[in-house]
Amino acid sequence: MYQILLLILVTKICTVAPVLYCYVCEDCPESNLSPLRRMRACPDDSHVSCIATLTTFAEYKTISRGCSRAPAVARRGRYNKHNGAICSQHTVNIMRATVCLCDRDTCNGPSLPPRE
């Protein structure tokens, strides 16, 4: 009986999908992320990519990083590959956003999003 329980437990542990680790911050510093404070495990396996956004509004810039449920896959359109990430640019009036998605642990670090 003990062996069957052990076999079931090992099988369950091995089939659990690994959780992605991403840098997570709002209004992040541009280059220093202090990995121990800002790196986090994503909440669950539905978060399949890390995201980094650079938003520019007039002279104000902000960078955000976190976990995302959107896959890091490029389809037709304006997508650029940058260090393994898929980046897209969006403009609405005077607001511009660069959004980058990637699917490796901590891939949304200081090199993303690319600077203008």
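The torsion about the S-S bond of cysteine 102 and cysteine 107 is about 90°, so this disulfide is right-handed. The model is a predicted one, in which local features need pLDDT of at least 70 and side-chain atom pairs count only at pLDDT 80 or more, while totals for chains, interfaces and linings use all residues. Residues are numbered from 1 along each chain as its sequence is written, and side-chain values use heavy atoms, with hydrogens and water left out.

Both ends of this link can be described by their accessibility, where buried means under 20% relative accessible area, exposed means over 50%, and partly exposed covers what lies in between (1.4 Å probe, protein chains only). Cysteine 102 is buried because its relative accessible area is 0%, and cysteine 107 is likewise buried, at 8%.

By the sulfur distance rule, the count comes to five disulfides. With bonded cysteines counted along the chain, the disulfides of the protein chain follow the pattern 1-5, 2-3, 4-6, 7-8, 9-10.

Another of these links joins cysteine 22 to cysteine 50, with 1.9 Å between their sulfur atoms. This pair connects distant parts of the chain, since cysteine 22 belongs to strand S1 (residues 21-23) and cysteine 50 to strand S3 (residues 49-57), 28 residues apart; strands here are DSSP runs of E with at least two residues, just as helices are runs of H or I with at least four, numbered from the N terminus. The torsion about the S-S bond of cysteine 22 and cysteine 50 is about -80°, so the disulfide is left-handed. Cysteine 22 has a relative accessible area of 0% and is therefore buried, and cysteine 50, also at 0%, counts as buried.

Cysteine 25 and cysteine 28 are joined by a disulfide with an S to S distance of 1.9 Å, and the 110° about its S-S bond makes the link right-handed. Cysteine 25 is buried at 6% relative accessibility, and cysteine 28 is buried at 6%.

On the surface, Phe57, Tyr60, Val92, Ile94 and Met95 form a nonpolar patch with about 520 Å² of accessible area together. Patches are made of residues with over 30% relative accessible area and no salt bridge, nonpolar side chains (Val, Leu, Ile, Met, Phe, Trp, Tyr) being joined within 5 Å and like charges within 9 Å. Accessible areas come from the Shrake-Rupley method with a 1.4 Å probe, and for residues only the protein chains shown count as cover. A salt bridge is a side-chain nitrogen of Lys or Arg within 4 Å of a carboxyl oxygen of Asp or Glu. Valine 92 is located in strand S6 (residues 85-92), and its relative accessible area of 52% makes valine 92 exposed.

How values were computed
Disulfide = S-S within 2.5 Å.
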